Amino acid sequence: MATVRKTVTFTAQQDKWIKAQIEAGEFTNDSEYLRNLVRQDQANNTKFLSLKSKLMEGLESGVGTKSLPEIMKEVETRMRENGRL
């Protein structure tokens, strides 16, 4: 994969934090740490867009006809089926 060189400026406190992450053995250099942050941001953005899409779908579907106890029972059933309860 091709790479692009960037120049980034940090405060002394931020630089100290990055160096601490490297010293802790989490990363081997500044670039590795920053690439990890970008990957995390990309993953979070993907999750956010998926959630936003699902929320919009729910809002656009209109008012449901089920009662709250019916909805809760369905949720409980799904959670049991998925081993979350």
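This is a predicted model: local features need pLDDT of at least 70, side-chain atom pairs count only at pLDDT 80 or more; totals for chains, interfaces and linings use all residues.
Reader: What makes the contact between D15 and K19 a salt bridge?

Author: The closest N and O atoms of D15 and K19 are 2.8 Å apart. A salt bridge requires a side-chain nitrogen of Lys or Arg within 4 Å of a carboxyl oxygen of Asp or Glu. The value is within the cut-off, so the pair qualifies. Side chains of opposite charge can pair when their charged atoms come close.

Reader: Why is D15 called partly exposed, and K19 too?

Author: D15 has a relative accessible area of 26%, and K19 has 38%. Buried means under 20% and exposed means over 50%, with partly exposed in between. Both values fall in between, so both residues are partly exposed.

Reader: How many salt bridges does the structure hold?

Author: There are four salt bridges. Among them is the one between E76 and R80, with the closest N and O atoms 2.6 Å apart. E76 and R80 are four residues apart in helix α3, and therefore about one helical turn separates them. E76 is partly exposed, because its relative accessible area is 37%, which lies between the limits of 20% and 50%.

Reader: How do you know that K66 and E74 form a salt bridge?

Author: The N to O distance between their side chains is 2.7 Å, and the cut-off is 4 Å. K66 and E74 are also linked with R78 in a network of salt bridges. K66 counts as partly exposed because its relative accessibility is 45%. E74 counts as partly exposed at 30%.

Reader: Is N36 buried or exposed, and why?

Author: N36 has a relative accessible area of 18%. Buried means under 20%, so N36 is buried. N36 is placed in helix α2 (residues 30-60).

Reader: Why is L68 called exposed?

Author: L68 has a relative accessible area of 59%. The limit for exposed is over 50%, so L68 is exposed. L68 is found in helix α3 (residues 68-81).

Reader: Which residues make the nonpolar surface patch with L68?

Author: I71, M72, V75, M79 and L85 make the patch with L68. The patch covers about 550 Å².

Reader: Which residues line the largest pocket, and how do they divide?

Author: The lining consists of M1, A2, T3, V4, R5, K6, V8, D30, S31, L34, R35 and V38. Six of the lining residues are nonpolar, two are polar and four are charged. R5 and K6 are in the lining, and they count as charged because Arg and Lys belong to that class. The largest pocket contains about 520 Å³ of space.

Technical notes
Residues are numbered from 1 along each chain as its sequence is written. Side-chain values use heavy atoms; hydrogens and water are left out. On a 1 Å grid over the protein atoms alone, a cavity is a set of points where a 1.4 Å probe fits but cannot get out, and a pocket is an open set with protein on both sides within 12 Å along at least five of seven lines; lining residues have an atom within 4 Å of a point. Grid points are joined across faces, edges and corners, and a volume is the space filled by probe spheres set on the points. Patches are made of residues with over 30% relative accessible area and no salt bridge: like charges are joined within 9 Å, nonpolar side chains (Val, Leu, Ile, Met, Phe, Trp, Tyr) within 5 Å. Accessible areas come from the Shrake-Rupley method with a 1.4 Å probe; for residues, only the protein chains shown count as cover. Helices (H or I, at least four residues) and strands (E, at least two) are DSSP runs, numbered from the N terminus. Buried means under 20% relative accessible area, exposed over 50%, partly exposed in between (1.4 Å probe, protein chains only).
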